[in-house]
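Colleague: I would like to go through the labels used for this structure. Please show it before we start.

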Amino acid sequence: MFYARIVVLYALLSICSTNESKIKTAQKPVRLFTEEELQRYDGSEVGQPIYMAIKGVVFDVTTGKEFYGKGAPYNALVGKDSTRAVAKMSLEPADLTYDTTGLSESQLQSLEQVFKGTYKAKYPIVGYTSRRVLNEDGSPNIDFKPEDQPNFSVKDEF
């Protein structure tokens with residue numbers, strides 16, 4: 001598992017740095033989260049960060065713990081990729097998934113607005129879900145591009 005992560009990280013860095021002159025030495029590595037790892041950041045442990053994924057992008061929503069912490073109104077969204085729930089503005093258990101199959105055009109537009117206008121604007125990106133970075137067969141997704149978030153620096157947890 002460790003070796004596979006190193007290979008994936010190397011592939012991601014290779015994909016993301018197509019022009020060597022654009023490489024910044026201060027860049028931090030991209031953190032890759034499996035579903036099981038993301039579940040550890042569900043707000044249930046005091047002092048542990050609270051993470052939530054949307055569209056495969058993992059955000060640190062700890063500063064909004066009054067909304068996302070244990071017992072808070074939106075706690076159901078954290079510790080997982082809640083893309084569908086955000087698109088539908090739903091807390092139904094069936095909607096707490098990354099799957100966007102069958103969403104209407106207006107729901108997809110709402111998802112994009114909330115993703116950019118709320119999450120990317122308010123919360124730092126700490127990584128990506130393995131589903132966004134890897135294909136179903138485990139090979140690197142060559143279309144993967146890290147999200148641009150100029151207001152924040154990448155949080156290093158290694």
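**Labels and cut-offs**

Modeller: Six salt bridges are present in the structure. This is a predicted model, in which local features need pLDDT of at least 70 and side-chain atom pairs count only at pLDDT 80 or more, while totals for chains, interfaces and linings use all residues. Residues are numbered from 1 along each chain as its sequence is written, and side-chain values use heavy atoms, with hydrogens and water left out.

Colleague: Why is the contact of aspartate 95 with arginine 84 called a salt bridge?

Modeller: The term requires a side-chain nitrogen of Lys or Arg within 4 Å of a carboxyl oxygen of Asp or Glu. For aspartate 95 and arginine 84 the closest N and O atoms are 3.5 Å apart, so the pair is called a salt bridge.

Colleague: Does aspartate 95 count as buried or exposed, and why?

Modeller: Buried means under 20% relative accessible area, exposed over 50%, and partly exposed in between, with a 1.4 Å probe and protein chains only. Aspartate 95 has 8% relative accessibility, so it counts as buried. Arginine 84, at 14%, also counts as buried.

Colleague: How is lysine 88 classed, and why?

Modeller: Lysine 88 has 34% relative accessibility, so it counts as partly exposed. Lysine 88 also forms a salt bridge with aspartate 95, with the closest N and O atoms 3.3 Å apart.
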